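Trainee: I would like to learn how to read a protein model. Can we go through one together?
Mentor: Gladly. Take a look, then ask away.

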Amino acid sequence: MNFDIGDNIIYGGNGLCKISEIKDMSFFNEAPKKYYVLEPMFVKNASTMYVPLDNDIMVGKMQNVITVDEAMDLIKSLNSCDTTWIEDRNVRKDTFNSIIAKGSRKDIMKVIKTILSHKDEISKEGKRLNMQDDKALTEAMNRINCELAFVLDMDIEEVPAFVRQTAYS
């Protein structure tokens, strides 16, 4: 897949980025080679990322941003996706982190729905999410909400309410 300067893309678990440049660079005394220069969007004080064009694994983490129709289909599919809570915290942490970093948008939405459903259940008992589940929820929501806000041309703070209203109406 080829990308151009100015393209908005999703880069793995880092989320929405703009390709600001494609330039020859040299790191650690290696021969110069071409890199995509990625500027994260919606993230304050984020570091610029450099992806070598000849590294298929790193370039493979780059995806086109979804369309408005794909975003709406994704949101509407949320109502019908099943959630299963993983009781073992270590397995749950590894599973959620892997999905957030490498999973499909639908799988990331499923992680969000799973954690929010569990949060609702335990809040009835006066309990809160543990830190690792709260962190996974925050990362998953940031990853999805940034892309949805960009695609649907809305403020990122408006996305959760829009998703709830659209998915469950």
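Trainee: In what order do the elements of the chain run from the N terminus on?
Mentor: Keep in mind that this is a predicted model. From the N terminus, the order is β-β-β-β-α-β-α-α-α-α-α. That comes to six helices and five strands.

Trainee: What does the C-alpha trace span along its principal axes?
Mentor: About 60 × 35 × 25 Å.

Trainee: How much of the chain is buried?
Mentor: Buried means under 20% relative accessible area. Of the 169 residues in the chain, 37% are buried.

Trainee: What share of the contacts joins residues 24 or more positions apart?
Mentor: Take the contacts with a separation of 6 or more. Residues 24 or more positions apart account for 52% of them.

Trainee: Let us turn to a helix. How far apart should the ends of α4 be?
Mentor: Count 1.5 Å a residue.

Trainee: How do I read the sides of a helix?
Mentor: An α-helix has 3.6 residues a turn, so residues three or four places apart point the same way. Now list the buried residues of α4: R105, I108, M109, V111, I112, K113, T114, I115, H118 and I122.

Trainee: What do those buried residues of α4 pack against?
Mentor: Two strands are on the list, β1 (8-11) and β5 (62-64). The helices on it are α2 (68-77), α3 (89-102), α5 and α6.

Trainee: How do I look for empty space?
Mentor: Rolling a probe the size of a water molecule over the atoms shows where empty space is left. In this model, the largest pocket holds about 300 Å³ of space.

Trainee: Which residues line the largest pocket?
Mentor: There are 16 of them. L78, I112, L116, V163 and R164 lie nearest the centre. By type, the lining divides into ten nonpolar, two polar and four charged residues.

Trainee: Which elements supply that lining?
Mentor: α4 (105-123), α5 (131-152) and α6 (159-167) each supply at least two residues. The largest share, seven residues, comes from α4.

Trainee: Now a strand residue. Where is M49, and what does M49 contact?
Mentor: M49 is in strand β4 (residues 49-52). M49 is buried, with a relative accessible area of 15%. Leave aside neighbours within four places in sequence, and M49 is in contact with Y11, N14, C17, Y36, V37, L38 and P40. Look at N14: M49 and N14 are 35 residues apart along the chain, yet their C-alpha atoms are separated by 9.6 Å.

Trainee: What does the side chain of Q132 reach?
Mentor: Q132 is in helix α5. A polar atom of the Q132 side chain lies 2.8 Å from the backbone oxygen of R89. Beyond residues up to four places away in sequence, Q132 touches R89, R92 and K93. At 18% relative accessibility, Q132 counts as buried.

Trainee: What should I look for in backbone angles?
Mentor: Most residues other than glycine have a negative phi, and most peptide bonds are trans. Now look at two residues with a positive phi. For N29, phi is near 60 degrees. For D153, phi is near 55 degrees.

Trainee: Where do N29 and D153 lie?
Mentor: Both are in loops. N29 lies between β2 (15-25) and β3 (33-40). D153 lies between α5 and α6. N29 is exposed, with a relative accessible area of 81%. D153 also counts as exposed, at 70%.

Trainee: Last one. What does Y168 contact?
Mentor: Y168 is in the segment after α6 and counts as partly exposed, at 43% relative accessibility. Apart from neighbours within four places in sequence, Y168 is in contact with L78, N79 and K113. Y168 and S77 are 91 residues apart along the chain, with their C-alpha atoms separated by 9.7 Å.

Note on methods:
Residues are numbered from 1 along each chain as its sequence is written. This is a predicted model: local features need pLDDT of at least 70, side-chain atom pairs count only at pLDDT 80 or more; totals for chains, interfaces and linings use all residues. Side-chain values use heavy atoms; hydrogens and water are left out. On a 1 Å grid over the protein atoms alone, a cavity is a set of points where a 1.4 Å probe fits but cannot get out, and a pocket is an open set with protein on both sides within 12 Å along at least five of seven lines; lining residues have an atom within 4 Å of a point. Grid points are joined across faces, edges and corners, and a volume is the space filled by probe spheres set on the points. Helices (H or I, at least four residues) and strands (E, at least two) are DSSP runs, numbered from the N terminus. Ala, Val, Leu, Ile, Met, Phe, Trp, Tyr, Cys and Pro count as nonpolar, Asp, Glu, Lys and Arg as charged, and the others, Gly among them, as polar. Buried means under 20% relative accessible area, exposed over 50%, partly exposed in between (1.4 Å probe, protein chains only). Contact means heavy atoms within 4.5 Å. The expected span of a helix is 1.5 Å times one less than its number of residues. A polar contact is a pair of N or O atoms within 3.5 Å; within protein, one must be able to donate a hydrogen and the other to accept it, and residues adjacent in sequence count only if both atoms are side-chain atoms.
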